[in-house]
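Work through the following exercises with the sequence and the model side by side. Each task is followed by a solution that goes step by step.

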Amino acid sequence: MADLADETGWSKHTVITMLNRLEAKGAVRHEEGGRAKEYYPAVEKAGVALRETESLLDRIYGGSLGLLVNAFVEQKGISETERAQLLKILEEAPDEKGE
């Protein structure tokens, strides 16, 4: 609690409210431990990252992966290493039929 307060400025009640909301959404779980509840992730980071990426892709780019990549490349540019990595990913990626 103290570490979070130092980093975020949140009060104890704010942290408890946040944890209760996350638990209600199934993102964390708790176990009774000593004087306080101990909280643990209830979902894997990779799964959450994929869902959030898909949500961003749908909301902002209408589901178009090409538009997302294009936006980043136009803004940031792309190194030869990144270009090679993307080409390799695309060459090895299954099509919509899973082939």
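**Exercise 1.** Determine how the residues of the lining of the largest pocket divide into nonpolar, polar and charged, and state which helices supply them.

*Solution.* The lining divides into ten nonpolar, two polar and three charged residues, where Ala, Val, Leu, Ile, Met, Phe, Trp, Tyr, Cys and Pro count as nonpolar, Asp, Glu, Lys and Arg as charged, and the others, Gly among them, as polar. The model is predicted, with local features needing pLDDT of at least 70 and side-chain atom pairs pLDDT 80 or more, while totals for chains, interfaces and linings use all residues. Residues are numbered from 1 along each chain as its sequence is written, and side-chain values use heavy atoms, with hydrogens and water left out.

Next, of the 15 lining residues, Val69, Val73, Ile78, Glu82 and Leu86 lie nearest the centre of the pocket. Helix H4 (65-76) and helix H5 (80-92) each supply at least two lining residues, and the largest share, seven residues, comes from H5; helices here are DSSP runs of H or I with at least four residues, and strands are runs of E with at least two, numbered from the N terminus.

**Exercise 2.** Identify the nonpolar patch on the surface and the helix that gives its largest share.

*Solution.* The patch is formed by Leu65, Val69, Val73, Leu86 and Ile89, with about 380 Å² of accessible area together, as given by the Shrake-Rupley method with a 1.4 Å probe, only the protein chains shown counting as cover for residues. H4 and H5 each supply at least two of the patch residues, and the largest share, three residues, comes from H4. Leucine 86 lies in helix H5.

Notes. On a 1 Å grid over the protein atoms alone, a cavity is a set of points where a 1.4 Å probe fits but cannot get out, and a pocket is an open set with protein on both sides within 12 Å along at least five of seven lines; lining residues have an atom within 4 Å of a point. Patches are made of residues with over 30% relative accessible area and no salt bridge: like charges are joined within 9 Å, nonpolar side chains (Val, Leu, Ile, Met, Phe, Trp, Tyr) within 5 Å. A salt bridge is a side-chain nitrogen of Lys or Arg within 4 Å of a carboxyl oxygen of Asp or Glu.
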